[in-house]
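Please examine the sequence and the three-dimensional structure shown below.

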Amino acid sequence: MKEDFRSIEFAPGKTISVETGRIAKLADGAVMVRMGDTMVLCTVVSAKDVKAGQDFFPLVVDLRESFTAGGKFPGGFLKRESRPSDGETLASRLIDRSLRPLFPEGFFNETQVICQVYSSDGQNEADVLGAFGASAAIHLSDIPYDGPMAQVKVGRINGELVINPTIDELKKSDMDMIVAGTKTSVIMIEGEMKEISEKEMVDAIKEGHKAIAKLCEFQDELRKEFGVEKREFTPAEVNTELKTKVENVAGHKIKEIVETGLGKEEYNGRLRELKDAVIEEITTQEEYAESAAEISDFFGKIEKRELRNMILEKQRRIDGRSPEDIRSIWSQVGYLPRAHGSSIFSRGETQALVSVTLGTKRDAQSVDTLFYAEDKTFMLHYNFPPYCVGEAGFLRGPGRREIGHGHLAERALKMVLPSYDDFSYVIRVRSDITESNGSSSMASVCGGSMALMDAGVPLPKPVAGIAMGMVVGDDKSVVLSDIRGEEDFMGDMDFKTAGTVDGITATQMDMKVQGISFEVIEEALAQARTGRLHILEKMAEIISTPRESLSQYAPQFVKMTIDGDSIGAVIGPGGKVIQTLQKETGTEIWIEEDESGKGQITISADSLDKAENAKKRIQAIAGQLDEGTVYKGTVKAIKEYGAFVEILPGKEGLLHISEINHSHVKKVEDFLSVGDVIDVKLLKVEHGGKLRLSRKALLEKDEE
């Protein structure tokens, strides 16, 4: 390749630059992509030969960040990058999902794409740059490729759509959506938004696609100037004789099973029995003795054809539903007695058992990445154990799929959560998929919403999600609501949307064919809204508003404010005072200084009494008094007009004779003596700091 550098303005004020031929020249394709001062090196290498027996496309995509790119050291003990963060994993998935449909069918050469962030300006994120660069690297290489494609991020600020908004701009945006596509159509969508309408979402996709088309044309220009000749690729020849034999033996039987209308277990069981019988019958013939894998492949393709034909021709699905029908739904809340909130959500043969834990600020997750450093106060963790699909397997840490599904559900719920200032709990939602036959991430959204309301988290409205599918024929296409596993695997689209009755909060779309028209997107969104409203109605039959009170097992909070001059006294030398206070009261205490210089204190405990006790002790240390509060004080002096009572160290107030009892008091000594410990209410802090106390305010009128 020649060494050179090119740029394009693909959206107002947005310029992307590409350099090739200078770095990583031994890779099949390599480009350095730059936007602002963020630079990403994207490389691709593809094996020249297919491994023996390979029957799938082994594409691996990795986007990695290095802290040196932003002039930072990695946090923690090891001062080097280690396992990828969730953000890197999610960005890698987005690139993979955009590229995969664009490789020719039957291309099984092992292929690896690496996108390494080498410079970061802290404003222009690397995810969409990496996707553009990955496509450009493949397009310039000799690897067979039906691209180019590009990704852009779409935000909306004050009603105006913005392409590739900066990190600061995203903070003001009510939309954060990534759109990927070719010059002619959209192939991938993912993002979050604050209850936007279906029309607003389509408008955003269209605006994003305008920029995508320019970036794809730019890649074509780069290829004309710097690209190399594509290697020859011919898919493996199909054994037509064996294909015909499998068709003759099994075709009509597969069609019968597909059209019977069965549940997952019976459907898969009957197909498995038939396939085993077909393989046994054909492999007894000498020329096909080693052809079990090919027979299985042909068998699966017949199943796919019959399933698709039934949907296209009869508008009927495996389980007998019409394209718009939603599977039966049942749910329950409060299932787990010691969790702070819980739910079971079942739709058809997909089930999520969801639990909610409320924690203190100490439970927040510290996130330290190249582009973000924050304390994460809401998290949703998705788990997919092997038993949920009737399989045995090892329990590992979460893979890319689990991280991706959990992130989508987290985005959907995050958009309606109260702010941390309004609800000062760290929230963790755990969704365990206990049965799976399609759309478990959307079941996590529904179950998560119900569990949060069961926990008393003040959601303004519930959230539900639904997965849509599509089957594309020669002259028509059919959109499917609430797809099950076989329809996902054998269909052409997986389009998930989640939201409230008022709008969409999260979405994800993947195409298995090259692109989708805006008309089909509009149709799918309209059908998805109908399905979402139906699911919300079913959820509302169980729980529709948050519990009025939190679980008795959730931590209790008390907040207070002290003068800035008192912060040091409460903390003490080396933190000794606050540590002793936490230990003796059984609480956790956080002190933060606000913009005005005052100390904002949050006290948490497993009971309100402990938190209130700690508050009073802090007030004593800070010398702070609250009108209307009851104090336990000591009588220090008796006068004919009342008694002086010390309610905090160095803080004395007058308990006037008229405030001692409801009945007339002739002599103070008839009721009080020096040294008595009594409860008094602080009525008022008068001018000059004088304290006016009352004892009778705490007594019933007939009490002597």
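Does Thr507 count as buried or exposed? Thr507 has 0% relative accessibility and therefore counts as buried; buried means under 20% relative accessible area, exposed over 50%, and partly exposed in between, with a 1.4 Å probe and protein chains only.

This is a predicted model, in which local features need pLDDT of at least 70 and side-chain atom pairs count only at pLDDT 80 or more, while totals for chains, interfaces and linings use all residues. Residues are numbered from 1 along each chain as its sequence is written, and side-chain values use heavy atoms, with hydrogens and water left out.

**The sheet and its residues**

Helices (H or I, at least four residues) and strands (E, at least two) are DSSP runs, numbered from the N terminus. An open sheet is formed by 8 strands in the order β8-β7-β9-β10-β21-β20-β18-β19, with antiparallel pairing. Two strands pair if DSSP finds at least two bridges between them. The edges are taken by β8 (160-163) and β19, each with a single partner strand, so one side of each has no neighbour in the sheet. On average, neighbouring strands of this sheet are turned by 20° against each other, direction ignored.

Strand β10 (residues 186-196) is joined to strand β21 (residues 503-511) by 6 bridges. Glu192 has Ala506 in β21 as its bridge partner. Thr507 also belongs to strand β21. A polar atom of the Thr507 side chain lies 3.1 Å from the backbone oxygen of Lys496. Leaving aside neighbours within four places in sequence, Thr507 is in contact (heavy atoms within 4.5 Å) with residues including Met177, Ile189, Met201, Leu408 and Phe495.

The loop between β21 and α11 holds Ile516. Because its relative accessibility is 6%, Ile516 counts as buried. Ile516 and Ile187 are 329 residues apart in sequence, and their C-alpha atoms are 6.6 Å apart in space.

Helix α4 (residues 198-226) lies across β7 (150-157), β8, β9 (175-181), β10, β20 (493-500) and β21, and runs at about 140° to β7. Helix α11 (residues 518-540) packs on the sheet as well, touching β10, β18, β19, β20 and β21, and its direction makes about 145° with that of β18. Axes are lines fitted to C-alpha atoms, for helices over the stretch in contact, and angles run from 0 to 180 degrees between N-to-C directions.

The axes of helix α2 (residues 127-140) and α4 come within 9 Å and cross at roughly 35°. Among the residues making this contact are Phe132 and His139 of α2, and Leu215 and Phe226 of α4.

The expected span of a helix is 1.5 Å times one less than its number of residues. The table compares this with the distance between the end C-alpha atoms.

| Helix | Residues | Expected span | End-to-end distance |
|---|---|---|---|
| α6 | 20 residues | 28 Å | 28 Å |

In α7, the buried residues include Phe298, Phe299, Ile302 and Glu306. These are covered by elements including α5 (240-258), α6 (264-283) and β18 (464-472). Just after α7, Gln315 takes a positive phi of about 55°.

Key
Polar contact = N/O pair within 3.5 Å; in protein donor to acceptor, adjacent residues only side chain to side chain.
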